[in-house]
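Trainee: I would like to go through a structure step by step. Please show it to me before we start.

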Amino acid sequence: MEGEVVSETGNASHASTGAQTAAGHLFTAHDVTAVMPRHGGGETTVFQGLSFHVDGGEVVDLTGPSGSGKSTLLTAFARLNVHTSGTFALDGKNSDAFTPQQWRINVAYLPQTSTLIGETVADAIRLPWTFKIRQSERANEPKDMLSDAHIRATLDRMGCQDIDLDRPPRDLSGGQAARVSLARTLLTKPRVLLADEVDAGLDEENADKVADLLKLAAQEGTAVVRIRHRAPDGRATRMMVLKDGVLREVPLPTAAQVAAAQRADVVGAASAANGASADGNATDGNGE
Ligand SMILES: Nc1ncnc2c1ncn2[C@@H]1O[C@H](COP(=O)(O)OP(=O)(O)OP(=O)(O)O)[C@@H](O)[C@H]1O
């Protein structure tokens, strides 16, 4: 079964076979394989020959059991993982035509926790723009692109009015830090945003704000892929499950199922906070 890609939705345009993804999609990945070194010697094939595609405006949720290879797959897409191989293209242009840095600007991977470096939140947000790779791009941007006023306006538009630009990043709450990390990446205008459990560990309210930010990015044309372990939140436009080396599209939950899953997630989070053992599978929303 390794490498098989199955659609359960009946939507042929979303069935990720090689032939159907050959042209027309913003981002395509083919023949993606991950072979990991095994502790003590040898190798393990996590998955082999997977295909995937995503278009601007989509929010694709990627779920699946722990260790199935979700993070490995996203880091492969971003060309960040030396244990992976595959053929990747953006707007039909092969990734070999990009330097790794250029590729990662366009296909940005956002880990669960990212470090915010700088004296202030504004400095931390500006940091990616100080990298040499961005100098030529900056020449094409409006002059006030990196001004506090522009960053302030952008954060406000993203629903981050509560975040003071003059604060040291270390003083931010977990939810604020997650949103600043996300805003920092979004300001660099990636075409594809690979968000790896960026809402993990956040309370419902902050997870919701992060989800709103990602949805806004999608509405503005970014292709968003989210790894999630939380209950479905109604933002996804497609859902995929990676399990036993198979990447499979599954039907989106109905609004009623989303509402029920959200309620269960809140109860599960409250139980966990009270010291009860939370059953992650019951609220995983993976349809498994
Ligand atoms: N650098 C590495 N060296 C060796 N094995 C690795 C490495 N990175 C990941 N693996 C292994 O590859 C497999 C897939 O890991 P991965 O982190 O991609 O899974 P995941 O589905 O994202 O898990 P989770 O949901 O728990 O985050 C696991 O068995 C993991 O132990």
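Mentor: What follows is a set of questions and answers about this structure. Residues are numbered from 1 along each chain as its sequence is written. This is a predicted model, in which local features need pLDDT of at least 70 and side-chain atom pairs count only at pLDDT 80 or more, while totals for chains, interfaces and linings use all residues.

Trainee: How many helices and strands are in the protein chain?

Mentor: Helices (H or I, at least four residues) and strands (E, at least two) are DSSP runs, numbered from the N terminus. By that rule the protein chain has eight helices and eleven strands.

Trainee: What percentage of the residues in the protein chain is buried?

Mentor: A residue is buried if 20 or more other C-beta atoms lie within 10 Å of its own, exposed if 12 or fewer, and partly exposed in between, with C-beta atoms placed from the backbone. The protein chain has 288 residues, and the buried share is 37%.

Trainee: In what order do the four strands of the open sheet lie?

Mentor: Two strands pair if DSSP finds at least two bridges between them. Strand 2 and strand 3 pair in the antiparallel sense over eight bridges, and one of the residues involved, M36, has T44 in strand 3 as its bridge partner. The pairing in this open sheet is antiparallel, and the order is 3-2-5-6.

Trainee: Which strands stand at the edges?

Mentor: Each edge strand has a single partner strand, so one side of each is left without a neighbour in the sheet; these are strand 3 (43-54) and strand 6 (93-94).

That leaves the helix next to the sheet. Helix 1 lies across strand 2, strand 3 and strand 5 (84-90).

Trainee: At what angle does helix 1 run to strand 2?

Mentor: Axes are lines fitted to C-alpha atoms, for helices over the stretch in contact, and angles run from 0 to 180 degrees between N-to-C directions. For helix 1 against strand 2, the angle is about 125 degrees.

Trainee: Why is helix 1 described as largely enclosed by the rest of the structure?

Mentor: The buried residues in helix 1 are K70, L73, L74, T75, A76 and F77. Helix 1 is largely enclosed because, of its eight residues, the number buried is six.

Trainee: Which residues does F77 touch?

Mentor: Two residues are in contact if their C-beta atoms, placed from the backbone, lie within 7 Å. Leaving out residues up to four places away in sequence, F77 touches A29, F88, V107 and L194.

Trainee: Where does E197, with its positive phi, lie?

Mentor: Most residues other than glycine have a negative phi. Phi of E197 is near 50 degrees, and E197 is partly exposed, with 18 other C-beta atoms within 10 Å. Its place is the loop between strand 8 (192-196) and helix 7.
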